[in-house]
Amino acid sequence: MAADLTVEVYSIGTELIMGRIQDTNAHWIAGQVAVLGGALRRMTVVPDDMDEIVASLEDALSRRARVVIVTGGLGPTPDDMTVEALARLAGVDPVLDEATLEDFMRRRNLTTREEATPPMLKMATVPEGAEVFHNPVGWAPCIKLVKDEVTFFVLPGPPREMEALFNGYVAEFISASVQTRSAALRVIVNMFESEVSPLLEAVMARYPTTYLKAYVAMRHALEQGLPVDIVANGKDAADAQHILNAAVEYLSILVAEQGKQMELYDA
Amino acid sequence: MSPLVDIVTIGTELILGRVADVNAAWLAGRVVAVGGRVRRIVTVRDDPADIVAAVSSAAARGATHIITTGGLGPTPDDLTVETVARMMGRGVVVDEGLVTHFRHKLRLAEDAEIGPAMRKVATVPVRAAAGPNLAGWGHCITADYSGITLFILPGPPKEVEGLFPLYIEPVLRGGGA
């Protein structure tokens with residue numbers, strides 16, 4: 001079996017590290033990476049601080065992550081410094097990407113370079129040697145850069161743009177780089193955590209590529225039952241679904257043996 | 001000197017994208033509100049090597065305080081306490097004060113009626129203090145790690161919100177450890 005495609009996600013923004021805004025990008029990306037078969041290992045939030053961004057990305061290099069997905073800090077204002085940080089990390093200069101600038105000018109009906117505004121120039125600037133992918137729903141493009149065999153993808157922070165660019169470029173890269181896939185289901189049982197825990201262990205022992213977890217914190221009242229996640233990894237999507245089905249069936253048998261009920265979780 | 005705080009949230013369910021972490025942003029907002037600065041927020045799996053890497057690198061970068069959430073429960077994948085204790089070169093002990101607290105909450109007559117799962121929950125690193133959430137089930141473990149104050153919190157947000165003002169906020173407001 002090939003080595004795991006290890007992935008790290010970085011969210012850049014002082015508003016995130018100060019707790020002013022709840023970062024939703026990392027969570028969304030984590031779910032996508034899992035389904036695509038990637039092995040997410042770490043999520044990191046850092047402020048808009050050049051030294052912190054560069055130092056934290058160097059840590060991902062030293063951990064030899066295969067893919068690093070960075071969101072945020074691609075806008076036109078001075079606190080947007082992700083491109084410069086990535087360039088510094090890679091030891092290259094930030095350069096104007098002509099194709100991106102031409103695209104911006106077309107969209108603004110500009111005919112001469114002199115008309116291009118400083119924000120347009122900044123958002124068309126990328127680390128030298130990076131691949132640039134057009135943003136269909138916004139301005140800042142998706143940037144792909146390889147450094148020391150680690151592939152960095154940089155995506156804009158607004159969730160709608162991030163999701164469009166992830167689906168357009170990053171998802172394909174991950175799924176082409178790894179064969180394995182995962183599948184997941186949430187069920188609900190009318191049991192205490194201490195009662196269901198041995199059953200979850202038994203399922204994980206029988207199906208070693210599964211992960212089962214009961215969420216005590218999501219049970220607001222006893223009569224609501226206890227939500228349980230079942231996540232299965234397989235050698236492809238069909239295999240993952242097959243293992244998931246088998247694990248769910250086995251859990252349902254174990255729950256029934258205890259005289260308890262299990263049903264699909266309806267959020 | 002204002003506290004330099006790193007936050008480490010721990011949970012395989014977070015890394016798999018099955019549950020959104022709301023603790024880090026909430027804690028960050030509170031840390032800032034009491035005059036601290038948050039430098040990095042890191043999320044890792046319930047994996048000893050990853051937990052040690054995240055906590056020890058926060059320490060190496062000069063944090064004055066480190067807050068972790070998650071991995072304090074009764075099940076085998078709850079590894080935070082044992083892992084952090086080992087990182088600090090310490091063993092673990094059952095905190096009898098927590099056992100008594102659980103006994104009162106469960107309305108049991110004797111501490112001996114507390115089962116192995118709850119005794120695991122009451123386990124803390126040697127030379128650490130454990131303070132219960134009077135309104136909930138969780139507790140905050142406070143330990144000195146080579147001059148850095150380590151706060152170990154459970155994962156459920158209600159517990160985090162109940163424990164922060166009791167055990168973390170007074171320390172951060174005090175400026176030191």
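**Chain contact**

Tutor: The contact takes 33 residues from chain B and 32 residues from chain A. Two residues count as in contact if their C-beta atoms, placed from the backbone, lie within 7 Å.

Student: Which elements of chain B each supply at least two residues of the side that touches chain A?
Tutor: Helix 1 (12-15), helix 2 (23-33), strand 2 (37-44), helix 3 (48-60) and helix 7 (157-173) of chain B. Helices (H or I, at least four residues) and strands (E, at least two) are DSSP runs, numbered from the N terminus.

Student: And where does the largest share of that side come from?
Tutor: Strand 2 of chain B, with seven residues.

Student: How many nonpolar, polar and charged residues does that side of chain B have?
Tutor: There are 19 nonpolar, seven polar and seven charged residues on the side of chain B that touches chain A. Ala, Val, Leu, Ile, Met, Phe, Trp, Tyr, Cys and Pro count as nonpolar; Asp, Glu, Lys and Arg as charged; the others, Gly among them, as polar.

Student: Before we go on, what am I looking at, and how is it numbered?
Tutor: This is a predicted model: local features need pLDDT of at least 70, side-chain atom pairs count only at pLDDT 80 or more, and totals for chains, interfaces and linings use all residues. Residues are numbered from 1 along each chain as its sequence is written, with chains lettered from A and ligands numbered from 1 in the order in which they are written.

Student: Back to the contact. In what sense do strand 2 of chain A and strand 2 of chain B pair?
Tutor: Antiparallel, over four bridges; the chain A strand covers residues 39-46. Strands pair if DSSP finds at least two bridges between them. A:R42 stands opposite B:V44 in strand 2 of chain B.

Student: Where is B:G17 found?
Tutor: In the loop between helix 1 and helix 2 of chain B. Leaving out residues up to four places away in sequence, B:G17 touches A:H27, A:A30, A:G31 and A:A34.

Student: Why does B:G17 count as buried?
Tutor: Because B:G17 has 22 C-beta neighbours inside 10 Å. Buried means 20 or more other C-beta atoms within 10 Å of a residue's own, exposed means 12 or fewer, and partly exposed is in between; C-beta atoms are placed from the backbone.

Student: What else does A:A30 contact, beyond its neighbours within four places in sequence?
Tutor: A:V9, A:L40 and A:M43 are among its contacts, and so are B:I15 and B:L16. A:A30 is also one of the residues with the most contacts inside the largest nonpolar core, along with A:V68 and A:I69. That core has 128 residues. A nonpolar core is a set of buried Ala, Val, Leu, Ile, Met, Phe, Trp, Tyr and Cys residues joined through C-beta atoms within 7 Å.

Student: New topic. What domains does chain A have?
Tutor: Domain 1 (6-177) and domain 2 (181-264). Domain bounds come from an automatic or database domain assignment. The C-alpha centres of these two domains of chain A lie 36 Å apart.

Student: How many helices and strands in chain A?
Tutor: Nine helices and 12 strands. Buried residues make up 43% of the 267 residues in chain A. The C-alpha trace of chain A spans about 75 × 40 × 35 Å along its principal axes.

Student: Which residues are buried in helix 8 of chain A?
Tutor: A:V196, A:S197, A:L199, A:L200 and A:V203. The buried residues of helix 8 pack against strand 9 (181-189), strand 10 (210-214), strand 11 (226-234) and helix 9 (237-257) of chain A.

Student: Why is strand 10 of chain A largely enclosed?
Tutor: Five of the five residues of strand 10 are buried, so the rest of the structure largely encloses it. A:T210, A:L212 and A:A214 lie on one side, and A:Y211 and A:K213 on the other. Strand 10 runs antiparallel to strand 11 of chain A, joined by five bridges. A:L212 stands opposite A:I230 in strand 11.
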